[in-house]
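User: Hi, could you help me look through a structure? I'd like to go one piece at a time.

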Amino acid sequence: MILTFQKGRGTKIHLLLDDAYKVTTDENFWTDNYIPNGTEINDEQWQELLVKINYKKALNKCSEFLSRRDHSVKELRAKLLRTVDPESADKAINRYIEAGYLDDRRFCESLIDYLLTVKKYSLNRIQAECFKKGIDRDIVADTLANYEIDSVETIVALIYSKYITKLFQENGRNKVIAALERQGFYYSDIKSALDRIQENEL
């Protein structure tokens, strides 16, 4: 098989075998793994080159996704598998874990902080969001154990920020209770929060 390459847009390098397009890499990779145009290679050599290309692609994708926001390991792996093979994805993920850029415990703590303080989510919904991100249940439980969550206080803050106008409308109390229950809050906590608000409004 005859290997040739063509420069694409930006830093892209397109590789061809016997004039048939096969894969795209970048100039940085090609500088480190340069093979002269028209070189004859066998299938084993081609497969070795593909492994290197896919691993570099997986590393680049990891960097791209993590530069936007933190991810759980499972979440990042699912995104990588859209464009790279499982072996390359796992190898790249392990590299980022070893380097300290990927840590499910740190990610879980950051996510819970955000959902609790900014979104004012219920404990049930926080757990559901963590599980949705692919965080292990034990990690979620261990992390939540470090928090003193006052659900009544959370509900009070949420009502004042989002539902206070609706609360004093016709049938507003029942509508607010229904809305909060849909978000995973327990009725007993909602009632306690409403009683607290009523006392303050009197």
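Analyst: Gladly, and please keep in mind that this is a predicted model. We can begin with S88, whose side chain makes a polar contact with the side chain of D85 at 2.7 Å.

User: Where is S88 found, in which helix?

Analyst: S88 belongs to helix α4, which covers residues 86–98.

User: And is S88 buried or exposed?

Analyst: S88 is buried, because its relative accessible area is 6%, and the cut-off for calling a residue buried is under 20%.

User: What is S88 in contact with, leaving aside its neighbours within four places in sequence?

Analyst: With those neighbours left aside, S88 is in contact with V51, N54, Y55 and A58. As for L59, its C-alpha is 8.5 Å from that of S88, although the two residues are 29 places apart in sequence.

User: OK, strands then. In what order do they form the sheet?

Analyst: The 4 strands form an open sheet in the order β3-β2-β1-β4, and the pairing is antiparallel. β3 (20–26) and β4 (39–40) stand at the edges with a single partner strand each, so one side of each has no neighbour in the sheet.

User: How many bridges are there between β1 and β2?

Analyst: Strand β1, residues 2–7, and strand β2, residues 12–17, pair over 5 bridges in the antiparallel sense, and Q6 stands opposite H14 in β2.

User: What about β2 and β3, over how many bridges do they pair?

Analyst: β2 and β3 pair over 6 bridges, again in the antiparallel sense, with K12 standing opposite D26 in β3. The hairpin of these two strands has 2 residues between the strands, and D18 takes a positive phi near 50 degrees there.

User: Changing topic: which residues have the most contacts inside the largest nonpolar core?

Analyst: That core has 16 residues, and the ones with the most contacts inside it are I155, I159, Y163, L180 and I190. Helices α8 (151–167), α9 (172–182) and α10 (187–201) each supply at least two residues of the core, and α8 gives the most, with 7 residues. In soluble globular proteins, nonpolar side chains tend to be buried together.

User: What does I155 touch, not counting residues up to four places away in sequence?

Analyst: On that count, I155 touches L180, F185, D189, I190 and A193. There is also a second, separate core of 14 residues, which includes L59, A89, I93 and L102.

User: Last one, which residues of α6 are buried?

Analyst: In helix α6, residues 123–132, the buried residues are I126, E129 and C130. They are on the same side of α6, because they cover an arc of only 100 degrees around the axis. These buried residues pack against α5 (104–117) and α7 (137–144), and just after α6, G134 takes a positive phi of about 90 degrees.

Note on methods:
Residues numbered from 1 in each chain as written. Predicted model: local features only at pLDDT ≥ 70, side-chain atom pairs only at ≥ 80, totals over all residues. Heavy atoms only, no water. Core = buried A, V, L, I, M, F, W, Y, C linked by side-chain atoms within 4.5 Å. Buried < 20%, exposed > 50% of the residue type's maximum accessible area, 1.4 Å probe, protein only. Contact = heavy atoms within 4.5 Å. Pairing = 2+ DSSP bridges. Polar contact = N/O pair within 3.5 Å; in protein donor to acceptor, adjacent residues only side chain to side chain. Arc of directions from axis to C-beta.
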